[in-house]
Amino acid sequence: MPEALKLNEDRLFSSDPSQRAIARELYALVKDFPILSPHGHTDPQWFADNESFGNATQLFLAPDHYIYRMLYSQGISMDDVGVGSKAGPSPADARTAWKIFAKNQHLFRGTPTSMWMGYVFDQIMGFEVKLSEETADFYFDRIGELLASDAYRPRALFERFNIELLATTELPTDSLEHHQKIKDSGWKGRVVTAYRPDPVIDAEHEDFKSKLKVFGELSGEDVYSWKGYLRAHRNRRDFFMTMGATSTDHGHPTAKTANLSAVDAEALFNRIIRGGFSLDDAELFRAQMLTEMARMSLDDGLTMQIHPGAFRNHNLKVFETYGRDKGCDIPLPTNYVNDLKPLLDAFGNEKDLTVILFTLDETSYARELAPLAGHYPILKLGPSWWFHDLPEGMTRFREQVTETAGFYNTVGFNDDTRAFLSIPARHDVARRIDANFLARLVAEHRLELDDAAQTIKDLTYNLPKAAYKL
C-alpha cells in the first residue's frame, strides 16, 4: 500500500516545546503574507503566453538542476530525464523520465528538494500518497489532468500563490518581448525583469563577441569604443527599467573590483576588444565593470546584486553537450575585504546606493561579510542561497551574521529558482526557519516577543521590499 503523504505542521520548528510554541506564534503572523520574489530565473514567456505547462516532466524535471544534478551524480543520464541538450530537446519519453525520478526518491532524503517537492505535491497538487515507483503513473496522470485545467495555468498559479512581485533575469541582449506582452495584456500580475550584463562584460564568456554585436545593435551605440560601450549599458538599463526592473545582477567568478583612471580603463577596454588579452586583463575588466555598474546604479537607482564565488560549468563534458546552467557549478573560496575595497573606496559611504552581497563561501559570513555590511551604508547581505538554501544553511547564516550585522542589514529571502511551483514552498521554509531562530532568542530571553513579532514581519516582507525598491 502506498505511503501516506502528510506534512507535519511543526516541521522545521524546535523539538523543545517552549521554543516550538513561540515559533508557531511567530510563523502564524507571516505564513499568509504576500510573496516577494525579487531574484529568480523563471521564464517570462510562461506568464506572457499563459499556456499549460504540459506534463510533470516538463514542469518539474527539465528546468530544475537541483533534481537532475542529484540524479546525474548517481549515473542517470540527463537525456533520460528530459533535459534538453545543445542538439535540441531531450528524446526521452516524458512518462518514462518521470518513472526514473519516482523510482529514485530516496536520493533526495534530507535535502531541501525533498521538502520543496513534498510541499508542492501536498499543498499545491493535493496528493495524499507519496511519490514512489508504485505511484509514478498515478502522479503523472493526475498532474497532467491538473495542468490541463485553467486553475493550473501560470497566471492562475501566480495569483493562487499570492505573489506580489516576481523578478526574472534577462541579458542586455534580450528584447524583453515577453515582458512587453505581459505589460500589454492588462493582467495585474507584477512580473518584472532584472539586468544581468555578464555575457557582455566577461570577455572569457564563449558568446562574448556575438553578444557584444547584438548589444550594439539593440542600444544603437558604438560598443567597440569605451564611451559608447558605457552609454550602451546606460541605454539598456533604462530600457529594462521601463519593463519594471529595480535591480541588476552580477555573477562574476570573484568579488574583485577596480577603480582605474579614465585613461587606464579605456586602454584596458581596447585590449579586450582587440582580443589577445590575458586572463589578468579579463579579470581586471570584470572588476572595473562592477565599479562602473555601481556608478550607474548611483545615477539610475537600480539595486545592485553581486554573487561571486562559483566555478561555473565545472563538468566540461556536460557543458559541451548540454550548455550552461546544468547543475555543474561548484562553490569557490571568496575574498570580500580586499576585493571590494576599490568599489567601497569610491562609493561605500553613499546613502542612495544599495549593493546586496551573496556568497557561496560560508566561511566568509562572520569573518568578512557581516563586519562589512555592519559598517558600510551601501552594503546589505543577501540570504543563504543556492547550495545553502536549506534549513541548516539558513540557520547558520542567521547565527553567524546577526550578532555583527543585525537583522536590518539583511534583505529577507529570495528563492533564486527556475522551478515556478517551488516558490511558495521555498518561502514557507524561510519563514519557518526565521520563526524558529527568533523563537530561540525569545526563549533564551535575548529578545522580547513583540520585537520578534515585528522582526519576522520585516524579514518576510518589509526588508526585501525596501532593498529592492518595490
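**Ground rules.** I number residues from 1 along each chain as its sequence is written, and I use heavy atoms for side-chain values, with hydrogens and water left out. Since the model is predicted, I ask for pLDDT of at least 70 for local features and count side-chain atom pairs only at pLDDT 80 or more, while totals for chains, interfaces and linings use all residues.

**Entry 1, rings.** I looked for aromatic pairs, meaning rings of Phe, Tyr and Trp (its six-membered ring) with centres within 6.5 Å; planes under 30 degrees apart are stacked, over 60 edge-to-face, and the rest tilted. The count by this rule is 35 aromatic pairs. One of them joins Phe101 and Phe108, edge-to-face, at 5.8 Å centre to centre with 70° between the planes. Are Phe101 and Phe108 buried or exposed? Both Phe101 and Phe108 are buried (under 20% relative accessible area; exposed is over 50% and partly exposed in between, with a 1.4 Å probe and protein chains only).

Then I turned to Trp385 and Trp386: their ring planes meet at 55° with the centres 5.4 Å apart, so I log the pair as tilted. Trp385 and Trp386 are buried.

I also found Phe101 and Phe108 in one aromatic cluster, together with Phe60, Trp98, Phe121, Phe127, Phe138 and Tyr139.

My test here is NZ of Lys or CZ of Arg within 6 Å of the ring centre and within 35 degrees of the ring normal. The charged end of Lys86 passes, sitting over the Phe319 ring at 4.7 Å from its centre. That of Arg426 sits over the ring of Tyr66, 5.1 Å from its centre.

A nonpolar core is a set of buried Ala, Val, Leu, Ile, Met, Phe, Trp, Tyr and Cys residues joined through side-chain atoms within 4.5 Å. Which members of the largest nonpolar core touch the most other members? Of its 75 residues, they are Phe60, Trp98, Phe121, Met125, Ile143, Phe420 and Leu421. Beyond four places in sequence, the contacts of Phe420 include Trp46, Phe53, Pro154, Phe158 and Ile163. Another core of 49 residues lies apart from the largest one, with Phe215, Tyr229, Leu357 and Ala405 among its members.

Strands are DSSP runs of E, at least two residues, and helices runs of H or I, at least four, numbered from the N terminus; two strands pair if DSSP finds at least two bridges between them. I traced an open sheet of 4 strands, order 4-5-8-9, with parallel pairing. Strand 4 (247-250) and strand 9 (379-381) are the edges, each pairing on one side only. Strand 4 meets strand 5 (residues 303-306) over 4 bridges, where Asp249 stands opposite Gln305 and His250 has Ile306 as its bridge partner. Strand 5 pairs with strand 8 over 3 bridges, and there Ile306 stands opposite Leu357. On strand 5, Thr303 and Gln305 point one way, Met304 and Ile306 the other, and all are buried.

I placed His427 in helix 18 (residues 423-443). With 5% relative accessibility, His427 counts as buried. Leaving out residues up to four places away in sequence, His427 touches Ile35, Leu36, Ser37, Phe413 and Asp415.

Definitions and conventions:
Contact means heavy atoms within 4.5 Å.
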